[in-house]
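Take a walk through this protein, from the whole fold down to single residues. Keep the sequence and the model side by side.

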Amino acid sequence: MSATRISSKPLRWTLALCLAALTPALACAATANAVRIKDVARVAGVRDNPLTGYGLVFGLSGSGDSQRNRATLQSVANTLRNFGVNVGEAELASRNVAAVIVTAKLPAFAEPGQLLDVQVASAGDARSLTGGTLMLTPLSGPDGRLYAIAQGAISVGGYQFEGVTASLQKNHPTVGWIPSGASVEQASPLRVAGDGRSLSVLLNDPDFTNANRIATAIAQAMPEASVRAEHAGKISVAFATPPGDLIARIARLENLSVEQQRKARVVVNERTGTVVAGGDVRLGRVSISHGDLKVEVRTDYSVSQPDGVYVRPGNSIGSVVVPRTQIRAEETPAPLVSVAEGATVADLVASLRAIRLSTRDVIAVLQSVKAAGALDGELVIQ
């Protein structure tokens with residue numbers, strides 16, 4: 001009997017195909033947590049700048065500031081005087097004008113002519129800014145210099161209607177937006193910090209591990225530069241010679257990918273009953289028992305009157321109001337929930353929901369779990 005020989009070529013081809021198909025999946029898994037440096041950090045000096053101004057909104061349908069706002073009357077009189085109309089404050093009796101505070105953000109590297117969105121908020125007792133138009137308003141920075149001017153029709157995402165005995169309101173009609181309502185008149189004074197030979201990278205959320213990883217990634221991509229992590233929130237990059245194109249260097253730097261280590265954090269909002277937990281938050285082995293005690297106190301009042309007919313009764317005889325109080329306590333059996341080692345907050349919340357606990361009760365349980373030392377992460381209560 002002759003032995004059958006099996007060729008090894010098909011087997012090698014099959015293994016090669018499997019590895020070729022597996023390699024992209026492994027690469028995707030390895031870069032699943034990778035983010036660009038520009039998403040978690042910024043170059044020092046590149047930031048928005050707040051702008052603020054005081055202006056007047058005209059064209060309101062009787063929903064503006066009242067006569068009690070002397071500042072509004074004085075502002076209207078001054079505005080009309082600039083147009084050659086001389087009137088006194090006592091002669092103004094219109095509620096079609098409202099004093100407002102105008103705010104905007106001047107982005108870095110903004111140049112004259114660039115348009116900005118502005119927010120308008122009432123500064124007096126105006127009931128609504130619906131239908132109003134903001135007059136020319138200068139916007140200044142923290143240094144007191146004028147950087148933009150705003151003007152335009154206000155868009156209010158709400159309304160308010162009032163009657164003699166009733167009123168109807170939706171959202172906040174005293175705050176509105178003007179899309180592209182401001183024009184930049186002076187370029188932003190902030191530029192990239194440094195003398196051209198060095199720059200700093202600032203982390204949005206300071207972390208020692210992430211700062212070290214960013215510094216390592218920059219050093220590997222730019223061996224000609226000296227890179228050092230100053231602390232958890234700052235990385236210094238120094239070049240031996242001034243780069244010919246600093247913009248290209250920064251563009252290359254901010255597009256480098258790093259694997260970010262996220263903090264294990266659970267955020268609880270007691271006002272809205274919201275619980276948000278990251279996927280890295282783990283729990284230790286813990287058993288939870290949460291009972292429900294209901295106490296009802298009920299008081300009824302009855303009138304007790306004397307029997308019979310009395311002629312000229314004394315002061316001690318008369319009707320008496322007698323309170324009758326009933327107290328009832330009801331305690332439901334406390335359900336028991338056990339969580340295994342390494343479970344997530346999502347697993348715990350799902351288990352608590354299974355026994356029909358409300359969101360308030362879930363928040364109370366999370367606080368107790370943190371106090372017991374079984375929550376491997378930070379609990380933030382808002």
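Predicted model: local features only at pLDDT ≥ 70, side-chain atom pairs only at ≥ 80, totals over all residues.

Start with a cut-off. Buried means under 20% relative accessible area, exposed means over 50%, and partly exposed covers the range in between. F109 shows how this works: its relative accessible area is 39%, so F109 is partly exposed.

First, the overall picture. The protein has seven helices and 24 strands. It runs to 382 residues, and 29% of them count as buried. Its accessible surface is about 24000 Å². Carbon and sulfur atoms contribute 53% of that surface. Now consider the contacts in the protein with a separation of 6 or more: residues 24 or more positions apart account for 71% of them.

Next, go to helix α4, residues 208–221.

Which residues of α4 are buried? They are N210, A211, I214, A215, A217, I218 and A221. These residues cover an arc of only 165 degrees around the axis, so they lie on the same side of α4. An α-helix has 3.6 residues a turn, so residues three or four places apart point the same way. On the other side of α4, F208 and Q220 are exposed.

What do the buried residues of α4 pack against? Their partners are both helices and strands. The helices are α2 (37–40) and α5 (246–254). The strands are β11 (198–203), β12 (225–231), β13 (234–239) and β14 (257–259).

Now turn to the charged pairs. A search of the whole structure finds five salt bridges.

Begin with D39 and R36. D39 has a relative accessible area of 44%, so D39 is partly exposed. R36 is partly exposed as well, at 35%.

Move on to E254 and K38. E254 lies in helix α5 and K38 in helix α2, so the pair ties together parts that are 216 residues apart in sequence. Both α5 and α2 are among the elements that the buried residues of α4 pack against. E254 counts as partly exposed at 24% relative accessibility. K38 is partly exposed too, with a relative accessible area of 36%.

Helix α5 returns in another pair. R249 sits in helix α5, while E224 sits in the loop between α4 and β12. The two are 25 residues apart, and the pair links distant parts of the chain. R249 is partly exposed at 23%. E224 counts as partly exposed at 37% relative accessibility.

Backbone angles come next. Most residues other than glycine have a negative phi, and most peptide bonds are trans. Where does F109 lie? F109 is in the loop between β4 (98–106) and β5 (115–122). Its phi is positive, about 65 degrees, although F109 is not a glycine. S180 is another residue other than glycine with a positive phi, near 55 degrees. S180 is found in strand β10, residues 175–184. With a relative accessible area of 42%, S180 is partly exposed.

Finish at G152. This residue belongs to strand β7, residues 146–153. Is G152 buried or exposed? At 18% relative accessibility, G152 counts as buried, because the cut-off is 20%. Leaving aside residues up to four places away in sequence, G152 touches T133, L134 and I178. G152 and T133 are 19 residues apart in sequence, yet 5.6 Å apart in space, C-alpha to C-alpha.

Notes:
Residues numbered from 1 in each chain as written. Heavy atoms only, no water. Helix = DSSP H or I, 4+ residues; strand = E, 2+ residues; numbered from the N terminus. Expected span 1.5 Å × (residues − 1). Buried < 20%, exposed > 50% of the residue type's maximum accessible area, 1.4 Å probe, protein only. Arc of directions from axis to C-beta. Contact = heavy atoms within 4.5 Å. Areas by Shrake-Rupley, 256 points an atom, 1.4 Å probe, with all protein chains shown as cover. Salt bridge = Lys/Arg side-chain N within 4 Å of Asp/Glu carboxyl O.
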